[in-house]
Amino acid sequence: MNMIVEAQRAVTLDLPSAKIAAFLAQSDRPTPFLVVDVDLIAARYRSMAAGFPSAMIYYAVKANPAPAILQQLNALGASFDTASLPEIQLCLEAGIDPARIAFGNTIKKARDIAAAFALGVSIYSFDCVAELEKIATHAPGAQVCCRILVETIGAEWPLARKFGCDLPMAYDLLILSQQLGLQPLGVAFHVGSQQTDPSQWQQPVQLVADLFDRLAQVGIELTVLNIGGGMPAQYRQSILPEAAYIDQIHAAIAMAFGDRLPTLMLEPGRSLVGDAGVIQTEVVLISHKSYAEDQRWVYLDVGKFGGLIETLDEAIKYRIRTPHDAAIGGPVILAGPTCDSADVLYEKANYELPLNLAIGDRVEILSTGAYTTTYSSVAFNGFEPLRSYCI
């Protein structure tokens, strides 16, 4: 109960740091733009590393691949989980040792596997025979992790079905990986992004432990348990503190593996960079659809196609800060600026904004450091991609 109270108190409309507050106060840059405090990311990484002192922490580059972020995490000793050859190349340009880069996407072109292997990347993920065969052909002798399917209950951005295979298939594939000359390293899973329930790691950890035991009986000794990402950023819903996740994950591993603990591998993205970023945007238009309607439509100069695609189905609910937050509020529908009817951010999530909000006001969308710049379209309707500043 105390942890829940602590988390609820943490949900505010405060800017995340004095650095960001000063940047915004002194800035007359055209909106929209994202500003990220790299020091906050460093602090979050140190906290996670302290909570998992023996783990290999592979930052999920897709969350935010800004060079300043990669360089900061590299200096702190992080490793890096990549989803594509261009992400691998970004890491190398940031000075990262290819030995600390994993090619974690289970859907890879054969030529990209070959190129990554030539660059020195030696860890690859797979979840089917065809992908395993590609790796064996184009990255001979590489280390491989098999991703399994798990439930994603409690996740605000689920990752079910597209990635992973069931346990009987994983068992056969890991045996096959050794027969193909690869090094079966371990098993990976992901309980869903923005996972609000720390108990969701318990069942898949037990499933992996059982799979480890079965494979040991046929001479395959796996060493790595990859629990993926999933730990949350602070959006509108209150969340438990990081310590609650750390404690439950450690307890689940101890219960499942006993004194034969595997090497733990994590792939955090959102939880490292999400809260360190703020998007500043401008109110372009405020309107009503009829004389009888009280609910205002508030159009911002950033929307789904400008980096806020995770508002799809109103899944991720960002906190929104305005210059008038002390004033009386009223219901709104929030939308982006493009000529596409899908570019509505929140219609059913009961958002309220101050009644004296005005066209031209600058507002901030909090905890937008993850999955915004990389989702921004190149030029839909002619709007430029979301600009980003790392400070």
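Predicted model: local features only at pLDDT ≥ 70, side-chain atom pairs only at ≥ 80, totals over all residues.
Biologist: What makes the radius of gyration of the protein chain agree with a compact globule?

Modeller: Set the two values side by side: for 391 residues the globule rule gives a radius near 21 Å, and the chain has 22 Å, so they agree. Along its principal axes, the C-alpha trace spans about 70 × 45 × 40 Å.

Biologist: And what share of the residues count as buried?

Modeller: The cut-off is under 20% relative accessible area, and 53% of the 391 residues count as buried.

Biologist: Take helix 5, then. Which of its residues are buried?

Modeller: In helix 5, residues 85–93, the buried ones are Leu85, Glu87, Ile88 and Cys91.

Biologist: How do you know that they are on the same side of helix 5?

Modeller: Around the axis they cover an arc of only 160°, which puts them on the same side. As a rule, an α-helix has 3.6 residues a turn, so residues three or four places apart point the same way.

Biologist: What do those buried residues pack against?

Modeller: Their partners are helix 4 (67–75), strand 3 (79–82), strand 4 (101–103) and helix 6 (110–119).

Biologist: Which residues of helix 5 are called exposed on the face turned away from its buried side?

Modeller: Pro86 and Glu93; the word calls for over 50% relative accessible area.

Biologist: What follows helix 5?

Modeller: Glycine 95, with a positive phi near 85°.

Key: Residues numbered from 1 in each chain as written. Heavy atoms only, no water. Buried < 20%, exposed > 50% of the residue type's maximum accessible area, 1.4 Å probe, protein only. Helix = DSSP H or I, 4+ residues; strand = E, 2+ residues; numbered from the N terminus. Arc of directions from axis to C-beta. Contact = heavy atoms within 4.5 Å. Rg over C-alpha atoms; globule rule 2.2 N^0.38 Å.
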